[in-house]
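Please look through the sequence and the 3D structure shown here, and keep both at hand while reading the report that follows.

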Amino acid sequence: MARYQTLLLDLDDTVYPPSSGMWEAIGERINRFMIEAVGIEPAQAPALRRFYFERYGTSLNGLIQNHAIDPYAYLGFVHDLPLEEYLSPDPRLRRMLEDLVIPPVIFTNADAAHARRVLGVLGVSDLVDRIIDIVALAWVNKPRPEAYRRALELCDQPDPRRCLVVDDQRRNLVPAAALGMGTVLVGPPAGADGVDHTIQRASDLLLAVPELAKARDLPPD
């Protein structure tokens, strides 16, 4: 029996490369929300955003905890970007997803609407049926261990050892590993201590974990 039965795949800076510049654009939208909607001084917003990200795992939860913001208003504002300016269809990613023997589940601190838009621009939305977003997680975000336990419950997966988590941030993989999940870091291998596999792009996943690939029929002799 193959080890993995559940695949949790991160979204931003994982299914597309950080070089796209989109995460930086989202960061600027977060700064604007903090300034325009919350009333934080412009000079303080970037540092406070980073502080909230480090302490709470997301700027969103920092703003919920400290400023009682409407999370739906935040998500709609920060993801209001022309995605086609940053992303384009990715045939390599599509081939990888087509070759998976188990269905991928997007596991993201963003919301499902943003995830669907990203997957649509990448040309792979038809290959992803399930999204576990921050709403489904009841606003408990990675890297909090509760987020991973909730994801396992939503996937009807009682055994964390049967789950593989793919993410671009090591800090989001450490709690998964502690629960017994397999881990794949997307990005440079430096600082990947405690991670099972490292790959440069999400489309390389089957090179690192070949058991996830569908068996191919051999041509007749």
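## A covered strand

In this predicted model, strand β4 has both of its faces covered, with Cys 163, Val 165 and Asp 167 buried on one side and Leu 164 and Val 166 buried on the other.

Strand β4 belongs to an open sheet of 6 strands, which follow one another in the order β3-β2-β1-β4-β5-β6 and are paired in parallel. At the edges stand β3 (130–132) and β6 (197–199), and because each of these has a single partner strand, one side of each is left without a neighbour in the sheet. From one strand to the next, the twist averages 25 degrees.

On one side of β4 in this order comes β1, which runs parallel to β4 and is joined to it by 4 bridges; within this pair, Thr 6 stands opposite Cys 163 of β4. Strand β5, made of residues 182–186, also runs parallel to β4 and is joined to it by 4 bridges, and Gly 182 in β5 is the bridge partner of Leu 164. Between β4 and β5 the chain passes through helix α8, residues 170–178, in a β-α-β crossover that is right-handed.

Further along the sheet, β1 (residues 6–9) pairs with β2 (residues 104–107) in the parallel sense over 3 bridges, and Leu 9 has Ile 106 of β2 as its bridge partner. Helix α6, which covers residues 112–122, packs on the sheet and touches β2 and β3, while its direction makes about 135 degrees with that of β3.

## Two packed helices

Two packed helices are described by the angle between their axes and the distance between the axes. Helix α2 (residues 45–56) and helix α3 (residues 59–67) pack at an angle of about 95 degrees, with their axes 7 Å apart. Angles of 65 to 115 degrees count as roughly perpendicular, and α2 and α3 are therefore roughly perpendicular to each other.

On the α2 side, the contact is made by Leu 48, Arg 49, Tyr 52, Phe 53 and Tyr 56, whereas α3 contributes Ser 59, Asn 61, Gly 62, Leu 63, Gln 65, Asn 66 and His 67. Sorted by class, the residues in this contact are 5 nonpolar, 6 polar and 1 charged.

How values were computed. Residues numbered from 1 in each chain as written. Predicted model: local features only at pLDDT ≥ 70, side-chain atom pairs only at ≥ 80, totals over all residues. Heavy atoms only, no water. Axes fitted to C-alpha atoms, helices over the stretch in contact; angles between N-to-C directions. Helix = DSSP H or I, 4+ residues; strand = E, 2+ residues; numbered from the N terminus. Parallel < 35°, antiparallel > 145°, perpendicular 65-115°, else oblique. Contact = heavy atoms within 4.5 Å. Nonpolar A, V, L, I, M, F, W, Y, C, P; charged D, E, K, R; others polar. Pairing = 2+ DSSP bridges. Buried < 20%, exposed > 50% of the residue type's maximum accessible area, 1.4 Å probe, protein only. Right-handed = clockwise from strand over helix to strand, strands pointing away.
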